[in-house]
Amino acid sequence: MPTPHRRLSDPRELNALAHPVRMAIVELLSLSGPLTATELADRLDETPANCSWHLRKLAQHGFVVEAEGGTGRQRPWKVPGLGFRWDEEHGAASLEERRAAQALSDVMMGRAVDRLRESQERAPEDAEEWRAARSNTEMVAWLTAAELEEMNSAINAVLDRHVERLTDPAQRPPDARLCEFVSWGVPTYFPGVDPA
């Protein structure tokens, strides 16, 4: 099983990953890899040459590695780890790192919002049980910093509950589908509402 959650801090790594095609490649390799540049191109509606170029860029930073069983254009690629973590504010040591981390966050969140919209558009086609299981939640609460940290830790623990199913198909129930959860717990700012 790949190592989970590689910690990113080098601005060059963050910038290399902060590209929609590269992020899509990493996502597909994480979910369906190993894949060749041609297979990725077919799924992403890109050219094999473009996917090869992005694979080489990702490989320079260790985000992808060659898999066994191919040569030349039939060379499959895989991800050596599962998921990433990076600091946007408090852990980022330099302005360059903070900017690179924000760019990567923007790409990730943009892709997640695009998938949410597509899921909402396709919802009428889903079986009733899947439509009933869907949820969109948004809330605000008055919390201390310690309470915010505690809630984020609890949410992360729930989200990590079935992580092994990503890399071990034998753990997936027969009727399972790939589902996405996006979460953030941050102090928020409303006009005219001051901290307590």
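Start with the largest nonpolar core of this predicted model. Select L8, L17, L29, L40, L55 and L104: of the 28 residues in this core, these touch the most other members. Helices α1 (11-17), α2, α3, α4 and α5 (95-122) each supply at least two residues, and so does strand β4 (81-86). Helix α2 gives the largest share, six residues. As a general point, nonpolar side chains in soluble globular proteins tend to be buried together.

Beyond its neighbours within four places in sequence, L40 is in contact with I25, L28, L29, L35, C51 and L55.

Now select α3, residues 37-44. Which residues of this helix are buried? They are A37, L40 and A41. These three lie on the same side of α3, because they cover an arc of only 100° around the axis. Show α2 (20-32) and α4 (48-60) as well: both are included in what covers the buried residues of α3. Then step just past the end of α3 to D45, which takes a positive phi of about 55°.

**Stop three: A16**

Move to helix α1 and pick A16. Is A16 buried or exposed? It counts as buried, because its relative accessibility is 8%, below the 20% cut-off. Display its partners: setting aside residues up to four places away in sequence, A16 touches R22, L58, H61 and F63. For a sense of scale, draw a distance from A16 to E121. The two C-alpha atoms are 31 Å apart, and the residues are separated by 105 positions in sequence.

Zoom in on I155, in helix α7 (residues 145-159). Its relative accessible area is 33%, so I155 is partly exposed.

**Last stop: the whole chain**

Zoom out and switch to cartoon. The chain has seven helices and four strands. Trace them from the N terminus: the order is β-α-α-α-α-β-β-β-α-α-α. The C-alpha trace spans about 60 × 50 × 30 Å along its principal axes. Of the 196 residues, 23% count as buried. Among contacts with a separation of 6 or more, 60% join residues 24 or more positions apart.

How values were computed
Residues are numbered from 1 along each chain as its sequence is written. This is a predicted model: local features need pLDDT of at least 70, side-chain atom pairs count only at pLDDT 80 or more; totals for chains, interfaces and linings use all residues. Side-chain values use heavy atoms; hydrogens and water are left out. Buried means under 20% relative accessible area, exposed over 50%, partly exposed in between (1.4 Å probe, protein chains only). The arc is that of the directions from the helix axis to the C-beta atoms. Contact means heavy atoms within 4.5 Å. A nonpolar core is a set of buried Ala, Val, Leu, Ile, Met, Phe, Trp, Tyr and Cys residues joined through side-chain atoms within 4.5 Å.
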